[in-house]
Amino acid sequence: MSNSEKVSGHLEPWSSLKGKVVLITGASSGFGWEFSIDLAKAGCKVITAARRLDRLKSLCQLINSFQSSSCDTPLAVPLQLDITADPSVIEAAIQQAWRAFGYIDILINNAGVRGTTSPALNLSNEEWDRVFKINLDGAWLCSKYIAICMRDAERGGSIINISSISGLNRVKGTGTLAYSSSKAAMHTMTTVMALEFGAHNIRVNAIAPTIFRSEITKGLYEQKWLPGVLSKIMPLPFLYDASTNPAITELIRYLIHDSSKYVTGNIFIVDAGGTLPGLPIWSSL
Ligand SMILES: NC(=O)c1ccc[n+]([C@@H]2O[C@H](COP(=O)([O-])OP(=O)(O)OC[C@H]3O[C@@H](n4cnc5c(N)ncnc54)[C@H](OP(=O)(O)O)[C@@H]3O)[C@@H](O)[C@H]2O)c1
């Protein structure tokens, strides 16, 4: 039994999210895959979205095996969606997703790419556009069309944007111009949407994670020097094998649950304190 399973329900009411319907973009790998499984285990119905339909189908098959085969409705359904598509295509896909379970309570804008790590002066205009179209425009359009559905249904809702520590106004890295700029813009988008959507009881928050294992960070995690560096720059003990669960999943569960009903417009940093020194402590390495 895990530590969180030992805590009784009244102390962490967000451990059970039965009845909530969640749409997760970028569910075909990495964070989105892990979030989908965790939320289904908490009782959510999950709509998993991405371009790679075969992977979404495998994920949904796995999640649906958690419940007895006699259940009428599945726990998870796939939604093939390219968030760089024409806005009318995204709007239609969001409406299709809404109909899957009759409503949606939560959108997790998780799909994102890091892009190339070219120095700014070598960064192609096409690459800048590609990164922004996925990391920012895609999240905006999904938010816009889901918020319209939430407003019209008068159900309220919660939008959770997965940004990055790269979007914070501390610890910038070279070769990340497009990625960092898109994630910083996502933070601004989060706060302005929170301001405007509040009238419809829709909360909007962002989570800015540090580096966790996933497809995006696969190469980095293969570097032999990484554990030593992490042990020196992280204020809190950061497990080299740290996974998103429970580091990010517990926060997502909280932001879904009504316990967080007064929480909106925040950027939650999940980094074991790693960005606190501002300047990485490279001199001590
Ligand atoms: N891993 C980390 O350490 C880390 C740290 C900070 C922030 N983040 C952020 O966390 C999010 C998830 O990252 P990850 O590490 O899990 O990356 P990942 O494993 O590469 O997953 C990225 C997901 O985005 C989807 N995606 C990419 N382009 C898309 C498009 N045009 N339309 C729809 N979906 C698209 C991919 O699905 P398809 O290819 O099937 O479409 C995939 O499911 C990203 O926003 C990333 O910036 C990650």
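Q: Which way do α5 and α6 cross, left-handed or right-handed?
A: Their crossing is right-handed. Keep in mind as we go that this is a predicted model.

Q: Okay, and at what angle do α5 and α6 pack?
A: About 15°, with the two axes 9 Å apart. An angle under 35 degrees counts as roughly parallel, so α5 is roughly parallel to α6.

Q: Which residues meet there?
A: Quite a list! On the α5 side they include Trp128, Val131, Phe132, Leu136 and Trp140. On the α6 side, Tyr179, Met186, Met189, Met193 and Phe197 are among them. Sorted by class, the contact has 14 nonpolar, three polar and two charged residues.

Q: Where does each of those helices run, for α5 and α6?
A: Helix α5 covers residues 125-153, and helix α6 covers residues 177-197.

Q: What about α4 and α5, how do their axes sit?
A: Helix α4, residues 87-101, comes within 9 Å of α5, axis to axis, and the two cross at roughly 45°. The pair is therefore oblique. Here too the handedness has a name: α4 passes α5 in a right-handed crossing.

Q: And which residues do α4 and α5 bring together?
A: From α4 you have Pro87, Ile90, Glu91, Ile94 and Trp98, and they meet Leu141, Cys142, Tyr145, Ile146 and Cys149 of α5. By class, that contact has nine nonpolar residues, no polar ones and one charged one.

Q: Let me zoom out. How many helices and strands are in the chain?
A: Ten helices and seven strands. The radius of gyration is 19 Å, close to the 19 Å that the globule rule gives for 285 residues, so the chain is as compact as a globular protein of that length.

Q: What does the C-alpha trace span?
A: Along its principal axes, about 60 × 45 × 40 Å. Of the 285 residues, 39% count as buried. Among contacts with a separation of 6 or more, 72% are between residues 24 or more positions apart.

Q: Now some single residues. Is Asp72 buried or exposed?
A: Asp72 counts as exposed, because it has 4 C-beta neighbours inside 10 Å. You'll find Asp72 in the loop between α3 and β3. The C-alpha atom of Asp72 is 36 Å from that of Ser163, and the two residues are 91 apart along the chain.

Q: Where is Lys218?
A: In helix α7, residues 218-221. Lys218 is exposed, with 10 other C-beta atoms within 10 Å. Lys218 and Phe197 are 21 residues apart in sequence, while their C-alpha atoms are 36 Å apart in space.

Q: Which residues have a positive phi?
A: Glu154 is one of them, with phi near 50°. Glu154 sits in the loop between α5 and β5 and is exposed, with 8 other C-beta atoms within 10 Å. Asn201 also has a positive phi, near 60°.

Q: And where is Asn201?
A: In the loop between α6 and β6. With 15 C-beta neighbours inside 10 Å, Asn201 counts as partly exposed.

Terms used. Residues numbered from 1 in each chain as written. Predicted model: local features only at pLDDT ≥ 70, side-chain atom pairs only at ≥ 80, totals over all residues. Axes fitted to C-alpha atoms, helices over the stretch in contact; angles between N-to-C directions. Helix = DSSP H or I, 4+ residues; strand = E, 2+ residues; numbered from the N terminus. Parallel < 35°, antiparallel > 145°, perpendicular 65-115°, else oblique. Left-handed = near helix turned anticlockwise from the far one by under 90°. Contact = placed C-beta atoms within 7 Å. Nonpolar A, V, L, I, M, F, W, Y, C, P; charged D, E, K, R; others polar. Rg over C-alpha atoms; globule rule 2.2 N^0.38 Å. Buried ≥ 20, exposed ≤ 12 C-beta atoms within 10 Å, placed from the backbone.
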